[in-house]
Amino acid sequence: MRQTLDFLLHDWLKVQELTHRERFAEHSAETFAAVLDTCERIARDKFAPFNRLADTQEPHFDGERVHLPQATHDATKAYAESGMLAAAQDYDVGGMQLPCVIEMAGNAFFSKASVAMGGYAMLTSGNASLLMAHGTPLQREVFASNEFAGRWFGTMCLSEPQAGSSLSDVATRAELDDEADPLGPRYRLTGNKMWISGGEHEITENIVHLVLAKIPGPDGKLTPGTRGISLFIVPKHLVNTQAQLTGERNDVALAGLNHKLGYRGTTNCLLNFGEGRFTPGGRKGAVGYLVGKPGDGLRCMFHMMNEARIGVGLGAVMLGYAGYEASLEYAKQRPQGRPMTAAGKDSASPQRPIIEHADVRRMLLAQKSYVEGGLALELYCARLVDELATGDDKAGAQALLDVLIPIAKSWPSEWCLEANSLAIQVLGGYGYTRDFPVEQYWRDQRLNMIHEGTHGIQALDLLGRKVVQQGGASLAALAARVQQTIERAIQTDWAAQANQLAAALAQVGGATKKAWSTGQPEDALANAVPYMQAFGHTVLAWLWLDVALAVEGDSDFAQGKRAAARYFFAYELPKTGAWLQVVASREPLCREMKPEYF
Ligand SMILES: Cc1cc2nc3c(=O)[nH]c(=O)nc-3n(C[C@H](O)[C@H](O)[C@H](O)COP(=O)(O)OP(=O)(O)OC[C@H]3O[C@@H](n4cnc5c(N)ncnc54)[C@H](O)[C@@H]3O)c2cc1C
């Protein structure tokens, strides 16, 4: 994987060019490599050996405290000490001023080694970065700095039992307590937050919850819709302006842990805010400090959305990668069966490793094309985040990111799950047991189509908003990029694939228009997921073609990349036709099907 990562970063994405920019001027190819080396080493030594342990010894709540394996404490400590929590932050707040693309590449090692143990750090870094963007100077100093230092960890509390995809239905209330608190306007929160990752543990001395809640109007009622949602810092233990614990416990109580299919090493919690389990200041109500302006909560929360969704997509890719490597290793060693050729007819001849069967190679090539293509997608998007922050064409980067982010989140969630399923298949019965790691990768992976916006919600975002916004400007920006690759490829051995991609792109454009031709969202959006699948496969075919053009020589590495690219065009891209057919014809079946008919 490291060789592929280095190839994509340097030969394909030319990350060293970023060092010509003022923000990254103190970096070089060497400092980037040093970061990746450190991450690779910590992931190998502190995370990977304990990934199974974190799964089998799942977090346990004894009614008072949550217990986690010591390995989780040690791994997260090593991560914090590496400085990666503040990797992209300014030097003057203790950061490394790394480009997003290098930060993501470094974190990829942890997702591959143990996605669940890495979860605490990813959440903390996202939480603190949000506070750097929207918090007051004191909120940054007290909360964000201590999170970056690894002294406290953070969470994101959006979901509620009755409000998952539909965040406008959030019902947690925030009542004003003291407008003039130095840590920010102080409120008292009451409500329940469901599915909160990292919501309770004793890895760090405090937990900084970022909580979405509604401030009631003068009539005492909560404003319907997303406009009424605000964002609050709710620490588990109250702190003063010097970031010392005051000794008072905030009114945030763990109602219970969720017991999950996978991702078990990260605690997942139902948290009760303000139920009176604790009484800070002598009364019930969770103390929370407003971040940003009232009503600005969702905007603040989604400020880091690009990075969060690329992070989820990259996590999905790395789980796929872990399964791919494990099944590749197995396929080289497992003798089973004989060739179909005349030589294989001799049953006294030794059995051959299963990697020699074409069907096993198909399964390995499928995985290779999904995980390496997915890695290219995520790094490309992370590079665009750097363009947005420090590049010359910010508008162009924004337009591309708008349409690519739903794909960056959803495509690996679906296809690297398929990769994990194929990894199990390569191992046969052994893959279905807990003696091998591939079943855990599949279980861990299954989350990714659910959280950070479900598959269905991502598809609605893509077809309902992103491709139609500003008269289709984002789609046009993407099409122009794809066209550039096609024009380069048409002069090469890749001409056939270039033509195939041009046809797929035209089909996506045509289906988009037909889907919206009645102007009725319910017509267009009934088939949003097949649309997103076709869109994603077209994007991946484009990236594979672009990557193939960057490959030089005929080493095994180069031939492998070309084979995976060819696989994608031969076996995967043709699927888009079937997906787009129901989109273009606005197939009404799913929309019209009555609940009674099931
Ligand atoms: C392990 C785990 C960790 C999580 N971590 C966090 C966390 O740290 N913080 C946090 O705030 N949340 C977290 N979540 C919550 C996660 O974001 C939600 O589960 C997700 O948003 C979906 O909400 P829901 O589970 O209520 O499902 P629902 O919203 O009820 O969705 C159920 C199904 O209906 C579909 N659906 C819903 N609405 C529509 C619609 N309008 N159109 C079409 N289809 C629709 C969905 O696509 C889905 O398939 C986590 C969840 C899990 C499982």
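A polar contact is a pair of N or O atoms within 3.5 Å; within protein, one must be able to donate a hydrogen and the other to accept it, and residues adjacent in sequence count only if both atoms are side-chain atoms. The model is predicted: local features need pLDDT of at least 70, side-chain atom pairs count only at pLDDT 80 or more, and totals for chains, interfaces and linings use all residues. Residues are numbered from 1 along each chain as its sequence is written, and side-chain values use heavy atoms, without hydrogens and water.

A side-chain N or O atom of Ser-197 lies 2.9 Å from a ligand nitrogen. The protein buries 61% of the 970 Å² that the ligand exposes when taken alone (Shrake-Rupley method, 1.4 Å probe). Backbone atoms also take part. A polar backbone atom of Met-156 is 2.7 Å from a ligand nitrogen, and for a backbone N or O atom of Trp-195 the distance is 2.8 Å.

The shell around the ligand holds 18 residues (a heavy atom within 4 Å of the ligand). Met-156, Ser-159, Ser-165, Trp-195 and Thr-454 come nearest. Strands E3 (152–157) and E5 (186–197) and helix H12 each supply at least two shell residues. The largest share, 3 residues, comes from E5. Helices (H or I, at least four residues) and strands (E, at least two) are DSSP runs, numbered from the N terminus.

Helix H12 spans residues 455–466 and includes Lys-466. Lys-466 counts as buried because its relative accessibility is 5% (buried means under 20%, 1.4 Å probe, protein chains only).

Note on methods
Buried means under 20% relative accessible area, exposed over 50%, partly exposed in between (1.4 Å probe, protein chains only).
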